[in-house]
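Morning, everyone. I have one structure to show, and I will keep it brisk. Please look at the screen.

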Amino acid sequence: MDELREFFLQVLNEDLIQITLSGTRDRKRAEKVKVRPVLLKGTLSFQETLYRETKVYHVNYEKEEAVEKLLEYIKTLFRQAQVAALGEEATVLVSKKGAVSLKRRRKEVQQETGERDLAHNRARRYILPEGEPVDFLVGLGVQTPQGQVVRSKYDKFRQINRYLEFIEDILDKLPSGRQVRIIDFGCGKSYLTFAMYYYLHQVQRRDIRVTGLDLKADVIARCSALAAELGYEGLDFQVGDIGSWQEEGGVDMVVSLHACDRATDYALEKAVKWGAAVVMAVPCCQHELNGQIHCDTLQPLLKYGLLKERMAALVTDALRAEMLEQRGYDTQIVEFIDMEHTPKNLMIRAVKSSRMRPGTSGAGLDRMAEFLHVNPALKELL
């Protein structure tokens with residue numbers, strides 16, 4: 001580890017852009033850590049951002065502390081580190097036997113105007129930055145042709161970038177060396193479908209084929225026309241119903257954003273039966289259990305319509321997540337966008353693992369369903 005310590009001592013300076021540690025061995029400790037330089041009262045420090053389940057934690061370290069923390073993470077928790085700095089990029093990899101390798105490469109330094117902003121509360125840097133025109137964002141009316149975000153579309157711009165952060169997190173879960181097949185159920189106006197295609201194909205240079213599916217023929221026609229206009233080969237849109245959709249061959253990633261009520265269950269069922277490596281679903285309008293849920297013990301809560309509706313939504317998504325866990329998925333429920341923009345802001349994100357967990361998990365699911373007198377659609381579908 002001496003070579004790695006020396007490397008971190010060299011790279012932890014004001015020219016560092018960011019270090020991203022990923023490939024966790026223990027999700028309960030942390031899923032991902034990012035480190036970047038910040039100026040605190042005029043002193044250069046290094047801010048750690050740690051992601052654990054749905055929470056994010058920030059800690060600031062002096063240089064030597066940050067080096068030791070990074071070495072500890074490499075030894076005990078993460079299998080990979082990506083380092084980006086002015087003039088250099090590097091990758092740290094940890095093998096299954098614990099061997100550590102460091103690969104460094106020089107890169108051309110872009111001429112910057114003005115000083116870098118290392119302020120603690122600097123403006124957020126998006127995957128698709130402001131001020132740089134992106135063809136699909138212009139086509140969808142989110143940006144002007146000059147790259148400025150339309151004021152009324154700023155929330156949508158933030159949502160798109162947040163979505164791409166989730167996709168960035170699962171890049172290593174998608175297959176490499178072949179075409180990646182993705183289905184987007186209930187794509188609607190397809191802001192996020194276009195964003196996913198652009199990021200994976202144009203930015204990450206992945207060979208992908210994406211199909212957006214929706215029931216509204218006029219919406220599908222507009223999306224198809226824009227995809228053709230932009231020359232987005234490998235992106236198509238079709239009119240169709242989630243429940244009856246058939247796919248020949250495998251599907252690597254299933255997306256379902258704001259599909260209403262049982263439509264989310266149909267999408268999750270398809271994903272499980274296809275053995276999709278990644279599932280990303282933002283459920284909407286969980287009416288099914290709201291009509292079923294009954295529990296004398298919880299009657300003081302359930303007698304209020306609004307509270308019952310929210311309770312039913314939480315129970316619905318908890319049961320969905322548990323059923324995905326049973327079928328071999330590492331599953332999280334994370335905040336998609338801020339609650340102030342929409343109450344339908346929770347995402348079920350599931351990644352296929354080799355572990356199957358019937359038994360105890362299934363018994364707990366059955367006890368909960370019996371306690372609340374509910375029979376979720378996904379259980380029947382699976």
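First, the ground rules. This is a predicted model, with residues numbered from 1 along each chain as its sequence is written. Local features need pLDDT of at least 70, side-chain atom pairs count only at pLDDT 80 or more, totals for chains, interfaces and linings use all residues, and side-chain values use heavy atoms, with hydrogens and water left out.

Now the overall picture. The protein chain has twelve helices and 14 strands. Those are DSSP runs numbered from the N terminus: helices are H or I with at least four residues, strands are E with at least two. The C-alpha atoms fill a box of roughly 60 × 50 × 40 Å along the principal axes. How does the radius of gyration agree with a compact globule? For 382 residues, such a globule would come near 21 Å, and the protein chain has 23 Å, which agrees. The radius is taken over C-alpha atoms, and the globule rule is 2.2 Å times the number of residues to the power 0.38.

Next, burial and surface. Of the 382 residues, 47% count as buried. Buried means under 20% relative accessible area, exposed means over 50%, and partly exposed is in between, with a 1.4 Å probe and protein chains only. The accessible surface comes to about 19,600 Å². Carbon and sulfur atoms hold 49% of that surface. The areas come from the Shrake-Rupley method with a 1.4 Å probe, and for residues only the protein chains shown count as cover.

Contacts next. A contact is heavy atoms within 4.5 Å. Take the contacts between residues at least 6 apart in sequence: 65% join residues at least 24 apart.

Charges. There are 55 positive and 55 negative side chains. Lys and Arg count as positive, Asp and Glu as negative; His and the chain ends are not counted. The centres of the two sets lie 3 Å apart. Each charge is placed at NZ of Lys, CZ of Arg, CG of Asp or CD of Glu.

On to the cores. A nonpolar core is a set of buried Ala, Val, Leu, Ile, Met, Phe, Trp, Tyr and Cys residues joined through side-chain atoms within 4.5 Å. The largest has 50 residues. Which members touch the most others? They are Phe-136, Tyr-163, Ile-167, Phe-194 and Met-253. Helix α5, residues 191-203, gives the most to this core, with nine residues. A second, separate core has 34 residues, including Ile-242, Trp-245, Ala-271 and Leu-289.

Back to Tyr-163. Beyond four places in sequence, its contacts include Leu-192, Met-196, Val-255, Phe-336 and Met-347.

Leu-137 is in helix α3, residues 135-139. It is buried, at 1% relative accessible area. Leu-137 touches Leu-128, Val-142, Gln-143, Phe-157 and Ile-160, leaving out residues up to four places away. Leu-137 and Ala-195 are 58 residues apart in sequence, yet 8.3 Å apart in space, C-alpha to C-alpha.

Two strand residues now. Val-92 sits in strand β6, residues 88-94. Its relative accessible area is 0%, so Val-92 is buried. Among its contacts beyond four places in sequence are Leu-4, Ile-74, Ala-81 and Leu-102. Leu-40 belongs to strand β2, residues 32-40. At 26% relative accessible area, Leu-40 is partly exposed.

Ser-190 is in the loop between β8 (180-185) and α5. Its phi is near 70°, a positive value in a residue other than glycine. Arg-205 is in the loop between α5 and β9 (208-214). Its phi is also positive, about 60°, and Arg-205 is not a glycine. Buried or exposed? Ser-190 is buried, at 2% relative accessible area, whereas Arg-205 is exposed, at 66%.
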